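Here is a short report on one protein model. Keep the structure in view as you read.

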Amino acid sequence: MTHFEVRRYDAAGRLGELTVPRAGVTVQTPTILPVVNPHVQTVAPSTLESEFGAEILITNSYILHGSEDLREPVVERGLHDLLDFSGAIMTDSGSFQLAEYGDIDVTTEEILEFQRDIGSDIGTPVDIPTPPDVDRERATEELATTQERLERAADADTGEMLVTAPVQGATYPDLRERAAADAVATGLDVFPLGAVVPLLNEYRYADLVDVVAACKRGLGEVGPVHLFGAGHPMMFALAAALGCDLFDSAAYALYARDDRYLTVRGTELLDELSQFPCHCPVCTEHTPADLEAMADDRREELLARHNLHVTYGEIRTVRQAIRAGNLLELVDSRARGHPTMLDGYRALLDHAEQLERTDPVSKDAFFYTSAEAARRPEVRRHHERLDRLPVEGDDVLLTEGSSSDQYDESWGVLPPFGPYPRELADTYPLTAETPDRTGRAGFEAAATGVARLVDLHPDVSFTLLHDDWPETALARVPDRVRVRDLRANE
Ligand SMILES: [Zn+2]
């Protein structure tokens, strides 16, 4: 599979290029696919392309297939002509309708053939979107049906059209992981993580993180990975840090219809805004009162445009953060927008070992701006690698202060990383910018590092000179370490 290439990682987040052969375009990822309703276009696809830089969009082939007035024109003229869009077009299959209404009238073979015939660039089989929290038996049975359809999709004559292999399994991490591995084994091209919308609607970001992390374990580093139905910009950074490459948004239009205004911190109601906290053309040229006074369709269009500006703006912010190596700082800052986002961020850090595998060994800077930062992959990696750093001598000082000749060897100590040989002081992540008031989590993480180093060298005698560490940190330091407070020496 050479149609997706990763250019750069940060945590498990990636900058990639998706080559879509049928459209003859290369799509930069992460990106968002605006959902275009073939019947109601709040913002025309040509405008998405020219004003918002959309390289790819998604529309629903099942709606076209069932439409009396559009079915023939789309077969005759093709999707790109019908929608007036020259980028890549992905099509959904009706799985959503299946989940909503319990029944649809096409098979995977029929809908894939239709998608191919109308000129779709990325087609989708009819998988079974199993909702969260169902019993395990149902999740397992529906997964078997999905897998069987994926295998039929892999055998279908789809020409140059890329075909997706949706990953289901409800909220069972082991089922998700296995489903993901099975999806890869089909040889299909794009991997949507399905049925996450109920989790998003209920703000269950921690559960979402566990589901995505499980899928990613099964997928490995293949891609692209599409978080199906995720279109709110507040969670792009979080999902991207786990390795999601594609998002799709109906939110920009649906929210606009209800006078809801998207921001990277959440959703606002238009009538509760006295100012627009945004620099987009809509928000600089109008006030909330202006929009309130407008006719419904005009207001809806302007709100949809604002929502799109925020959405694409956040995609660019995420890309830049991956390039700069500060994606986790971005996730940290977005996590402050809502308590459930903070849960999501904390759940993400539960998977630090998984993030660490692709996280670059060196970046520009590590900003310690929250207690959560003490659990980042870089801290974990530093602790892991202590076993590769030689300790010379029988009597070693670990100190937050200056070195001392009274010991065979003197190491520095930097919260949240812990002990390090002085010659590494100028290397990442020990170049971290930390606040003067580190806080308990940073000291505790440093103490965990001290404990690891001490345990690795049972025959060496250690002295720790710390700067006013709290009891909770000192409790982690093994008893055999001589512990002194730097301030006691002053
Ligand atoms: Zn705006």
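## The binding-site positions

Ala195 sits in the loop between β9 (191-193) and α9 (197-201). Helices (H or I, at least four residues) and strands (E, at least two) are DSSP runs, numbered from the N terminus. The model is predicted, so local features need pLDDT of at least 70 and side-chain atom pairs count only at pLDDT 80 or more, while totals for chains, interfaces and linings use all residues. Residues are numbered from 1 along each chain as its sequence is written.

Ala195 counts as buried because it has 28 C-beta neighbours inside 10 Å. A residue is buried if 20 or more other C-beta atoms lie within 10 Å of its own, exposed if 12 or fewer, and partly exposed in between; C-beta atoms are placed from the backbone. Leaving aside residues up to four places away in sequence, Ala195 touches Pro129, Thr130, Pro131, Gln168 and Ala170. Contact means that the C-beta atoms of two residues, placed from the backbone, lie within 7 Å.

UniProt, in an unreviewed entry, places the feature "binding site" at Asp127 and Ala195. They span 69 residues in sequence, yet no two of their C-alpha atoms are more than 10.3 Å apart, so they gather at one spot. UniProt positions use the numbering given here, feature names are shortened, and annotations may be inferred rather than shown by experiment.

Asp127 lies in the loop between β7 (122-123) and α7 (136-155). Asp127 counts as buried because it has 30 C-beta neighbours inside 10 Å. Residues up to four places away in sequence aside, Asp127 touches Ser95, Thr146, Arg149, Pro166, Gln168 and Gly194.

## A hairpin and a covered helix

Strands β1 (residues 4-10) and β2 (residues 13-20) run antiparallel, joined by 6 bridges. Two strands pair if DSSP finds at least two bridges between them. Asp10 has Gly13 in β2 as its bridge partner. The hairpin has 2 residues between the strands, and Ala11 takes a positive phi near 50° there.

Now turn to helix α16 (residues 327-334). In α16, 7 of its 8 residues are buried. Its cover includes β1, β2, α11 (236-241), α15 (296-324) and α17 (339-350).

## The nonpolar cores

A nonpolar core is a set of buried Ala, Val, Leu, Ile, Met, Phe, Trp, Tyr and Cys residues joined through C-beta atoms within 7 Å. The largest holds 109 residues. Among those that touch the most other members are Val212, Leu327 and Val331. A second, separate core of 27 residues includes Leu398, Leu414, Leu464 and Leu465.
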